[in-house]
Structure formats: C-alpha cells, structure tokens
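The following paragraphs lead the reader through a protein model, from its overall form to individual residues. Please keep the sequence and the coordinates at hand while reading.

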Amino acid sequence: MKLASLKGGRDGRLAVVSHDLAWCVEAQPIVATLQAALDDWAAYEPQLRALAVSLETGGAPRRRFHEHDAASPLPRAYQWADGSAYVNHVQLVRRARGAETPASFWTEPLMYQGGSDGFLGPRDPIPLADPAWGCDLEGEVAVIVGDVPQGADRQTALAAVRLVMLANDVSLRNLIPEELGKGFGFFQSKPASAFSPVAVTPDELEGWRDGKLHGALEMELNGTELGCADAGVDMTFDFGTLIAHAARTRALSAGTIVGSGTVSNRGDDGGPGRPVAEGGVGYSCLAELRTVETLAYGAPRTGFLKAGDRVRIEMRDGRRHSIFGAIEQDVADS
C-alpha cells in the first residue's frame, strides 16, 4: 500500500496512491490524515488496504496523482530521530573535519533528534539565507513507526515499522563543527528536511529484507548523477536496531520518524569509494565527495549547494519504476 499527504492544512489530506503512482483517491471518508491513521493503525489499516484494492481495480473514484501536489507524508511529526547507520559516511565526514572515529561507533548507533514541527514538501524549494553556511543534501531511507514501548528489543521494534520513505536531510556543513564543539549537538546546522511524495508499507517493497531496504538510491545534482549507492549494503545498523536504540529509555509514539542517516557504500578496496564518473557508486551527499576530492587533490573541487541548484533523490524497482516518487528541490534564496 502506498500513502501520500496532499497539500492542504498543516497535516495534509491523506490519500491512497496506486502502485504505479499514476492515480490516487483521498481517504477522507475513512480517516483524514496520516497521523490519525497511525494513531489507530489496527482499525484503519484494513480499511485503507481495501481502498487501495478498489483504486487498483477501478472501483474507487480516482484522480491523477501529481507529485508536486504532495506534502511530505507526515507534513509535521511528533518526533524525528535520525540515525547514522552507515559508518563509512561517519568516517568520511569526521575525517573532513579532522576528527577520529571512536571504535564504539561500530557497535552502538549514533542518533540525533531533528526538528519535526514542519517538513519541506518533496518539491518545495530548499531555503538558503547564506551560501557560506555550506548547504548540503543527504539522501536517506526513513521509516514511520507505530507505538514502540520503552525497552523494546530489535524484533519488537522492527514489527512497529508501518511505512518506509526516502529523505533529504538538509545539512549546513559549515555550522556543524562549531555547534558540535559546544558539546550539545545539532540545532541550527539541521534545518527542515524533506521526504518522498509517497510512503510505502514494507510488504510492498521487494527490497525490504531484515530491516534494510535494498536498492540503489539515485542522487542527482543539476541533472548529473551524484550517486547510486545501495541502501542495503554497508548499513551497519538495521532499522530494528535503530528503533530499539531510540526506545531504550523512552517509549516512541505512533508517527515517530526514524532515519537511516546518509546512505554510503565503501569502495571495492574497502576505501571511501569512487565517483560515478570513475566507475564507482558515488555519494549521497556533497561532504563525502569533497572529502574524497581532498584526499586525491589536496582540496575539495566541488562547492556546496547554491541558489539555482537542483537536487533529485529517487529509488526504482527491478522494472525501473519509481517506488516512492522523487524528491526534487531547487535551492532558493530565503
């Protein structure tokens, strides 16, 4: 089942979307918003699935689904907890700012709490007030969970996954070192994120196995391929582990979003990997590319995002059909 939130009101209007992303039907007769559906998933999921079947068979009064009409599946959420499950990415960005990677990073997930009171839509511009802040895109996989009890084990946590989607976790790289240096974590360096037009139940994802989504995460910058790393490869901590980590000392409420962190693959030699133009799978953020350029040339050759740049994030199935729709955003002066 594929769900979207059409723009309208702070929490959008829940819609069921066809498998091919061509059609949709609003769920208003059943439930008005995705958050309301998540709050009583046991009651609403069967009704939404029945509506999805009716949509696919032509029994529901459908309309064309346009991705630019969609907000993020949850336009705002009770909680946004972003992990860093790809330790290769952690090593590279820490190396860029001269920081070592502690051994514990391989055994216990990193996680920060991001702002969740408002997300950008998948086709909304990325507002950038100052290019000197070093604006970066970050391609991720994210899940939306139902209620998770405090102290849940991995299997319980994994069973709570309701929906899967893609994310662009926007980062202001040049603000990060000073913020982290204060020892209190991210805040100004993590502005509003965006999520894919559609969120999908795990049973509909052919690449969903053992708490990981396998498949190439296609990253483009200004029409040029930036990366195609496989989200199921080199993921040190699966989503069951990430969710259980988040729930260690607190219960998670239905509608909590948990992110994977930037998808990142090591190279064939175990190193940081090569750009797409050199036969590698490239990168899901500019910070990694800039680190590799610094290692190769002594300084980065690629700048951070600026007004007028366009980023695109997408994942396709085995038939090359878009699974979640595309995050496609222009950078704009704010």
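The protein contains 7 helices and 21 strands. The model is a predicted one, and every value discussed below is computed from it.

The overall dimensions come first. Taken along the principal axes, the C-alpha atoms fill a box of roughly 60 × 45 × 35 Å. The radius of gyration is 19 Å, which agrees with the value near 20 Å that a compact globule of 334 residues would have. The protein exposes about 14,100 Å², and carbon and sulfur atoms supply 49% of that area. Of the 334 residues, 54% count as buried. Among contacts between residues at least 6 apart in sequence, 72% join residues at least 24 apart.

The largest nonpolar core comprises 65 residues, of which V143, V164, W208, F239, I243 and F324 touch the most other members. Helix α6, spanning residues 239–246, gives the most to this core, with 5 residues. Another core, of 30 residues, lies apart from the largest one; M1, L3, V16 and L51 are among its members. Which residues does V164 contact, once its neighbours within four places in sequence are left aside? They are V141, A142, V143, V198, A199, V200, P202, L205, W208, L213 and F324.

Not counting residues up to four places away in sequence, A194 touches S72, L120, G121, L166, A167, N168, I327 and Q329. By way of scale, the C-alpha atoms of A194 and V292 are separated by 26 Å, the two residues being 98 apart along the chain.

N88 has its place in helix α3, which covers residues 87–96. Is N88 buried or exposed? Its relative accessibility is 4%, so N88 counts as buried. The side chain of N88 is joined to that of S264 by a polar contact of 2.8 Å. The N88 side chain also reaches the backbone oxygen of N265, at 3.3 Å. Leaving out residues up to four places away in sequence, N88 touches S264, N265, R266, G271 and P272.

Note on methods
Residues numbered from 1 in each chain as written. Predicted model: local features only at pLDDT ≥ 70, side-chain atom pairs only at ≥ 80, totals over all residues. Heavy atoms only, no water. Core = buried A, V, L, I, M, F, W, Y, C linked by side-chain atoms within 4.5 Å. Buried < 20%, exposed > 50% of the residue type's maximum accessible area, 1.4 Å probe, protein only. Helix = DSSP H or I, 4+ residues; strand = E, 2+ residues; numbered from the N terminus. Contact = heavy atoms within 4.5 Å. Polar contact = N/O pair within 3.5 Å; in protein donor to acceptor, adjacent residues only side chain to side chain. Rg over C-alpha atoms; globule rule 2.2 N^0.38 Å. Areas by Shrake-Rupley, 256 points an atom, 1.4 Å probe, with all protein chains shown as cover.
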